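Here are my notes on the model you sent.

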Amino acid sequence: MTRLILASQSPARTKLLSHAGIRHEVLVSDVDEDAVQARYGVTDPHDTALLLARAKAEAVASLPEADGALVIGCDSVFEFDGEAHGKPYTADVARERMLRMSGSMGILHTGHWLVDCRDTSVADADTDTDPGATAPGAGVTALGSGATLGSVSSAEVHFMEMSAEEIETYIATGEPLQCAGSFTIDGYGGAFIRKVDGDPHTVVGLSISTLRALLSQAHVGITELWTGGAVDPADVRAE
């Protein structure tokens, strides 16, 4: 069975994968994002997202629990007026950003990095099986690709005008304090987003189509990870 590990503690990312019926495990890295950025110097928002995604994926891939699995790391950075914005953490920072973002547009960059930790050498899974068998599941374990590769998915986010009262009430929920750019599309913040140009999953923090492309380069079809447990559209409508 192909294993996928999500190197992120983001509830939104694991919820997205679960709703898409993608079997995965969660293993959180202990990456110090500020230290990583300080080590590599100033980069643009696009490259910062990829750099941090790689750091998270490689940190988890180095753990013994990742042996035999594929590890996907993700990180999101919001670009506004040419500046990179991560999580605001404080109400004052979130307020200042949202007042500027009101009625305007920014770009959400989500970096993805995939590390294939599967064995790259042929190993007999069952010595009693026909030695001529080569297909996974037929006496030989699936070969790892040795891949370590990444990609960035970006989407333009257009905001509606927000009143000062709405901003204060939104901040009081605590939601924007832990989100890149001080907003989220799949929570209270969705009320303030007029449209998204690009993959909306990018704004949530993990592009399923980008994940599919990376898995393909590691010779893994995303359907190998389907659980058959994707959300039923009828259930979503009923909600």
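This is a predicted model: local features need pLDDT of at least 70, side-chain atom pairs count only at pLDDT 80 or more; totals for chains, interfaces and linings use all residues.

1. In total, 36 residues line the largest pocket. Nearest its centre lie R13, D75, K87, Q178 and A180.

2. Which elements give two or more residues to the lining of the largest pocket? Four are helices: α1, α2 (33-40), α3 (45-61) and α6 (200-204). The strands are β3 and β4 (83-85).

3. A search of the whole structure turns up 1 cavity of 30 Å³ or more. The largest cavity holds about 40 Å³ of space. Its lining has 7 nonpolar residues, 1 polar residue and no charged ones. The lining residues are M98, M101, F159, M162, Y170, F183, G189 and F192.

4. On to the packing. The largest nonpolar core has 21 residues. Those that touch the most other members are L4, I22, I72, L114, L211 and L215. At least two residues of this core come from each of β1 (4-6), α1 (11-19), β3 (70-80) and α7 (208-217). Helix α7 gives the most, with 4 residues.

5. Take L215 as one of these core residues. Leaving aside residues up to four places away in sequence, L215 touches L70, L114, V220, I222 and L225. Of these, L114 is itself listed among the core residues that touch the most other members.

6. Another core lies apart from the largest one. This core has 18 residues, including A94, M101, M162 and Y170.

7. Finally, the strands. How do β5 and β6 run relative to each other, parallel or antiparallel? Strand β5 (residues 105-116) and strand β6 (residues 148-159) run antiparallel, joined by 11 bridges. Within this pairing, H109 stands opposite S154 in β6.

8. Strand β6 also pairs with strand β7 (residues 193-197). These two are antiparallel as well, with 4 bridges between them. Here E156 stands opposite D197 in β7.

Notes
Residues are numbered from 1 along each chain as its sequence is written. Side-chain values use heavy atoms; hydrogens and water are left out. A nonpolar core is a set of buried Ala, Val, Leu, Ile, Met, Phe, Trp, Tyr and Cys residues joined through side-chain atoms within 4.5 Å. Buried means under 20% relative accessible area, exposed over 50%, partly exposed in between (1.4 Å probe, protein chains only). Contact means heavy atoms within 4.5 Å. Two strands pair if DSSP finds at least two bridges between them. On a 1 Å grid over the protein atoms alone, a cavity is a set of points where a 1.4 Å probe fits but cannot get out, and a pocket is an open set with protein on both sides within 12 Å along at least five of seven lines; lining residues have an atom within 4 Å of a point. Grid points are joined across faces, edges and corners, and a volume is the space filled by probe spheres set on the points. Ala, Val, Leu, Ile, Met, Phe, Trp, Tyr, Cys and Pro count as nonpolar, Asp, Glu, Lys and Arg as charged, and the others, Gly among them, as polar.
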